[in-house]
Amino acid sequence: MASFHLIVTIATLLTVLGLVMVLSASSVEAYADTGSAYGMFTTQLIFAVLGVVLFYVALCTPVRLMRKLALPAFVVSVVMLALVLVPGIGKESGGARRWFELGGLSFQPSELAKVTLVVWGASVLATRRPGAPLKELLIPLVPGALLASVLVILQPNYSTTVTFVIVVGALLWFAGLPLRIFGVAVAGVAVAGVVLALSADYRAARIFGFLNPGDDPQGANYQSRQAKFSLADGGLFGRGLGQSRAKWSYLPNAHNDFIFAIIGEELGFIGCVAVLGLFALFVFTGLRIAMRSVDPFLRLLTAAATTWILAQAMINIGYVIGLLPVTGQQLPLVSAGGTSTAITLLMFGILANAARHEPEAVAALHSGPDGRFARLLRLPKPEHYSAARAEAARKAAQAKAKAKAAQAKAVQAQQKAAQAKAVAKRRALAAGPPPGERRRPAPGQQPPVRRRTDPRAAADPRRSDPRRDQALSSDERLRRSSGRTGERGFRR
């Protein structure tokens with residue numbers, strides 16, 4: 001159970017550190033805006049509590065149910081990415097439309113899309129056999145991720161797009177994508193990233209500011225220079241918790257994107273090393289879970305999630321210390337950002353669930369009594385993974401898919417045959433019977449009586465009268481003989 005305990009401990013330490021640093025870094029701006037130093041901290045605390053609830057839900061969710069809900073959850077997240085772009089539904093702030101406003105709290109659906117993409121991608125690739133064709137590895141994962149990325153770019157949200165690329169790349173790498181194809185894909189993504197970065201003025205300014213750090217110190221390079229000053233001011237042991245100078249409106253977004261600079265200023269080099277050590281321990285634990293898991297789904301899920309969280313942390317720390325251009329990535333569980341904190345804790349809960357499904361952990365949980373933590377939270381015991389059962393389920397799913405495809409083809413063939421028959425019938429009715437062909441009466445039906453037509457009927461209308469052969473009454477005979485009914489005497 002070492003992996004499980006490490007994941008829980010790391011999540012707790014990072015969350016507590018984040019709450020403390022958000023309170024310290026945001027107190028001045030919050031007091032200036034709202035008159036209370038605890039405004040941003042209260043919002044962060046609410047989302048942290050929500051994240052703990054999501055952590056527990058993910059910890060108790062069976063793996064089978066997780067895989068079953070992977071596709072619907074991803075579809076829902078994509079629909080939310082589309083709805084947030086609609087004016088009146090999505091909230092616009094700072095020139096970007098990324099949030100839903102719910103009761104005074106903002107929710108960012110792109111953060112949820114990160115988790116659903118990881119879970120759904122791992123579920124899709126776990127069903128692929130080693131040495132599967134390239135098409136089976138790329139479809140439907142790449143088209144689905146591309147659709148989500150396009151919707152995120154339209155917000156615009158370039159940093160989340162980078163995260164999607166990292167997630168897909170990690171999934172394909174751990175799924176066994178050939179190195180040559182992976183290199184070509186990375187080169188193509190790099191070219192597309194450069195084009196996308198230069199397509200907007202503010203992103204291009206960040207790139208050029210990174211390449212020329214001495215230029216425009218009061219413009220594009222202002223945040224980077226202030227972050228370096230803040231780190232330098234901290235020294236080895238820091239100025240002390242709450243004693244930052246940069247947070248007094250010298251460093252923009254000190255509580256969010258550049259909170260690592262505040263950590264360096266208040267806690268010093270020791271505090272920065274402690275944060276890096278926590279993330280290094282997280283990487284070790286995540287890869288340990290992936291290597292010890294026998295379920296391909298959990299193996300891909302934990303490896304890709306570990307890569308995603310590590311990459312996001314390294315990008316944030318990289319641009320704070322000046323090694324990367326500013327991209328707006330948050331430091332997981334530390335930066336202010338309610339949705340990011342809650343969703344990251346959800347991902348940590350999934351990792352803790354995977355840690356409980358290690359073979360040794362499953363054997364330990366089934367062989368002895370539940371521990372205090374499990375009894376307190378009433379955690380269900382994990383199921384043993386069976387390769388034979390998984391193979392049978394895979395074959396059943398493939399057979400079901402083939403049967404469904406065959407049934408669809410049969411229905412399509414019947415529809416085509418019915419359409420062809422209807423077309424042939426319409427053509428036959430339009431053409432009429434062949435010349436000289438007599439229609440034979442159906443069994444039990446009297447043949448139609450053919451009447452001879454008198455050629456003199458056209459000249460004499462009385463010959464064409466159908467009542468010509470009927471018996472006439474006395475008045476009718478008198479009328480025809482005298483010209484009028486009831487008129488007697490000679491005709492004038």
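Student: Which residues of H7 are buried?
Tutor: The buried residues of H7 are Leu-141, Gly-144, Ala-145, Ala-148, Ser-149, Leu-151 and Val-152. Buried means under 20% relative accessible area, exposed means over 50%, and partly exposed lies in between, with a 1.4 Å probe and protein chains only. These residues cover an arc of only 160 degrees around the axis, which puts them on the same side of H7. The arc is taken from the directions that run from the helix axis to the C-beta atoms.

Student: What kind of model is this, and how are residues numbered?
Tutor: It is a predicted model, in which local features need pLDDT of at least 70, side-chain atom pairs count only at pLDDT 80 or more, and totals for chains, interfaces and linings use all residues. Residues are numbered from 1 along each chain as its sequence is written, and side-chain values use heavy atoms, with hydrogens and water left out.

Student: Where is H7, and what is its reach from first C-alpha to last?
Tutor: Helix H7 takes in residues 141–153, which is 13 residues. From its first C-alpha to its last it reaches 18 Å, close to the 18 Å expected at 1.5 Å a residue. The expected span is 1.5 Å times one less than the number of residues. Helices (H or I, at least four residues) and strands (E, at least two) are DSSP runs numbered from the N terminus.

Student: And what covers the buried residues of H7?
Tutor: The cover includes helix H4 (70–83), helix H5 (109–126), helix H6 (134–138) and helix H8 (158–175).

Student: Which residues have a positive phi without being glycine?
Tutor: Asn-253 has a phi near 55 degrees, and Leu-333 has one of about 70 degrees. Asn-253 sits in the loop between helix H11 (222–234) and helix H12 (259–292), while Leu-333 is in the loop between H13 and helix H14 (338–355).

Student: Is Leu-333 buried or exposed?
Tutor: Leu-333 is buried, with a relative accessible area of 2%. Asn-253 is partly exposed, at 35%.

Student: Switching to H8: at what angle do H8 and H13 pack?
Tutor: H8 and helix H13 (residues 296–320) pack at an angle of about 140 degrees, with their axes 9 Å apart. That makes H8 oblique to H13. Axes are lines fitted to C-alpha atoms, for helices over the stretch in contact, and angles run from 0 to 180 degrees between N-to-C directions. Angles under 35 degrees count as roughly parallel, over 145 as roughly antiparallel, 65 to 115 as roughly perpendicular, and the rest as oblique.

Student: Which residues of H8 and H13 meet?
Tutor: On the H8 side, Val-162, Thr-163, Ile-166, Val-167, Ala-170, Leu-171, Phe-174 and Ala-175 take part. They meet Leu-300, Ala-303, Ala-304, Thr-307, Trp-308, Ala-311, Gln-312 and Ile-315 of H13. Contact means heavy atoms within 4.5 Å.

Student: How do H8 and H9 pack?
Tutor: H8 and helix H9 (residues 179–198) pack at about 175 degrees, and their axes are 12 Å apart. That makes H8 roughly antiparallel to H9. Tyr-158, Val-165, Gly-169 and Trp-173 of H8 make the contact with Leu-179, Phe-182, Val-189, Gly-193, Leu-196 and Ala-197 of H9.

Student: Where is Ser-110 found, and what does Ser-110 touch?
Tutor: Ser-110 is in helix H5 and is buried, with a relative accessible area of 1%. Not counting residues up to four places away in sequence, Ser-110 touches Leu-81, Val-152, Asn-157, Thr-160 and Phe-164. Val-152 is also one of the buried residues of H7.

Student: How many helices and strands are in the chain?
Tutor: The chain has 18 helices and 3 strands. Of its 492 residues, 39% count as buried.
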